Amino acid sequence: MRRPLIAGNWKMNGTRASVRTLLDGLLSGISSIKNADVAVCVPYVFIPEAAQLLAGTAIAWGAQDVAKEESGAYTGEVSAGMLKEFGCRYALIGHSERRSYYGDSDAVVAQKFVAAQKHGVTPVLCVGELLAEREQGQTEAVVERQLAAAVKIAGIAAIAQSVIAYEPVWAIGTGKTATPAQAQQVHAFIRNWLAAHDPATAQSVRVLYGGSMNAANAAELLSQPDVDGGLIGGASLKVDDFLNICRAAG
């Protein structure tokens with residue numbers, strides 16, 4: 001039985017004051033979440049704040065990206081070793097905004113995946129298709145390509161020590177959401193594709209849904225057999241909404 005994971009992705013939002021208010025609010029309600037893991041992926045500069053406030057609690061914290069390099073002359077980058085030093089349990093890898101806006105290729109994403117795991121940071125590997133790709137019937141081909149890049153460099157066993165997040169790009173920040181049936185179809189494809197390489201990994205790895213999940217639609221999406229949680233964007237910045245999504249999961 002896979003334990004659900006609800007992970008918030010704050011993106012580039014927050015101030016020191018708002019971060020403290022948000023985390024205090026989440027901590028005040030986390031005791032009502034019994035059967036799900038909860039995490040927040042915060043901007044780099046707020047990781048020390050999150051580490052201080054969340055240490056010893058039921059809420060894990062992580063980053064929204066990670067460098068593929070270990071150290072060196074890479075201005076502006078943050079390594080997995082640095083994240084680990086601040087207690088980060090997770091790092092988002094290959095989010096569609098990183099792929100689209102900053103040119104993270106499948107190969108770069110795979111290297112970041114390996115870099116995170118090397119330092120004991122769990123990569124949350126994001127995969128998903130653009131609207132044009134869905135309309136052209138390419139959803140499965142795109143997702144397979146993105147998964148295969150990580151498996152090629154890291155090996156199938158490494159997938160068991162990661163989290164996968166399916167994020168239909170056309171449903172991120174648009175207010176559109178894949179129907180529960182659409183989400184389940186792709187999640188089942190991901191699990192079946194992994195099963196062809198290693199059935200045990202396919203059964204154990206958590207596959208999150210990451211396309212505009214909110215308090216209103218979370219329960220139905222999370223009821224699908226292959227949806228093991230959510231990667232939450234805008235709703236993760238609202239205490240009550242995020243906690244309600246967590247409650248829907250566990």
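The protein contains twelve helices and eight strands. Its radius of gyration is 17 Å, close to the 18 Å that the globule rule gives for 250 residues, so the protein is as compact as a globular protein of that length. The model is predicted. Along the principal axes, the C-alpha trace spans about 45 × 45 × 35 Å.

Burial and contacts were examined next. Of the 250 residues, 53% are buried, with under 20% relative accessible area as the cut-off. Contacts between residues at least 6 apart in sequence were also considered. Among these, 72% join residues at least 24 apart.

The surface and the charges were then computed. The protein exposes about 10,900 Å². Carbon and sulfur atoms supply 53% of this area. The protein carries 21 positive and 23 negative charges.

Strand β1 covers residues 5-9, and strand β2 covers residues 37-41. The two strands run parallel and are joined by five bridges. Within this pairing, Ile6 stands opposite Val38 in β2. Strand β2 is mostly covered, as four of its five residues are buried. In a regular strand, side chains alternate between the two faces of the sheet.

Note on methods:
Residues are numbered from 1 along each chain as its sequence is written. This is a predicted model: local features need pLDDT of at least 70, side-chain atom pairs count only at pLDDT 80 or more; totals for chains, interfaces and linings use all residues. Side-chain values use heavy atoms; hydrogens and water are left out. The radius of gyration is taken over C-alpha atoms; the globule rule is 2.2 Å times the number of residues to the power 0.38. Buried means under 20% relative accessible area, exposed over 50%, partly exposed in between (1.4 Å probe, protein chains only). Contact means heavy atoms within 4.5 Å. Accessible areas come from the Shrake-Rupley method with a 1.4 Å probe; for residues, only the protein chains shown count as cover. Lys and Arg count as positive and Asp and Glu as negative; His and the chain ends are not counted. The place of a charge is taken as NZ of Lys, CZ of Arg, CG of Asp or CD of Glu. Two strands pair if DSSP finds at least two bridges between them.
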